[in-house]
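Please look through the structure below before reading on.

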Amino acid sequence: MTAALARHDITGLILAGGRGLRMGGVDKGLQTFSGQPLVWHALQRLQPQVGTVVVNANRHLDAYQALGVPVHPDALADFQGPLAGFLVGLQQARTSHVLTVPCDSPQFPLDLAARLAQALHAQQADIAMVSAPECDSTGSRTVRAQPVFCLIPVRLLDSLQSFLAAGERKIDRWTALHRTVLVPFDQP
């Protein structure tokens, strides 16, 4: 980590609160990959990078609690999306920052927190967010933000609460309200 933001200053938040609609309604975090639930892989990669880890889940809470870390459901009803998970993380954090990762990306970088913290500090940004190349339907590559991987200061809690209270739910619309730096998912 940079001198400006140490590992113990970051709460890791694993987002596992969705409905899994694109996967037929299954609980994505509990689907297996290499013999273990996806959420287990996320936890193994995240724990060494942060001071503490919490999981945001809305179903199968006992299965998530078996991981040995705190589990918190959304405070908002009806599966309001990833920002509802962000809200829980910012409310529960006892650190200055929260690093969010989805439960269904088992191989995110082992230095993700350090790279996001470094970019946040270097660019004097409010939010550091991952970006990754994607191919569109024509085969053209473009770099796109991946906002479920981001480092957020807890001081943005009021901003997020106001945004959600106004009925908004889109991550990119909320992050656009703040100075955001994009960080490549993979290093060259």
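How many aromatic pairs does a search of the whole structure find? The model is a predicted one, and the search gives two such pairs. A pair of aromatic rings is described by the distance of the centres and the angle of the planes. For Phe 149 and Phe 185, the ring centres are 5.3 Å apart and the planes meet at 65°; over 60 degrees counts as edge-to-face, so this pair is edge-to-face. The two residues belong to distant parts of the chain, 36 residues apart: Phe 149 is in strand S8 (residues 141-153), while Phe 185 is in the segment after strand S9 (180-184).

Together with Phe 108, Phe 149 and Phe 185 make up one aromatic cluster.

In soluble globular proteins, nonpolar side chains tend to be buried together. Here the largest nonpolar core contains 34 residues, and Ile 14, Leu 99 and Leu 151 have the most contacts inside it. Elements that each supply at least two residues of this core include strand S1 (10-16), helix H1 (38-46), strand S6 (97-102) and S8. Helix H4 gives the most, with six residues.

Leaving aside residues up to four places away in sequence, Ile 14 touches, among others, Val 39, Leu 43, Val 55, Asn 56 and Cys 103. Another core, of 20 residues, lies apart from the largest one; among its members are Ala 93, Cys 150, Leu 157 and Ile 171.

Conventions. Residues are numbered from 1 along each chain as its sequence is written. This is a predicted model: local features need pLDDT of at least 70, side-chain atom pairs count only at pLDDT 80 or more; totals for chains, interfaces and linings use all residues. Side-chain values use heavy atoms; hydrogens and water are left out. Rings of Phe, Tyr and Trp (its six-membered ring) pair if their centres lie within 6.5 Å; planes under 30 degrees apart count as stacked, over 60 as edge-to-face and the rest as tilted. Helices (H or I, at least four residues) and strands (E, at least two) are DSSP runs, numbered from the N terminus. A nonpolar core is a set of buried Ala, Val, Leu, Ile, Met, Phe, Trp, Tyr and Cys residues joined through side-chain atoms within 4.5 Å. Buried means under 20% relative accessible area, exposed over 50%, partly exposed in between (1.4 Å probe, protein chains only). Contact means heavy atoms within 4.5 Å.
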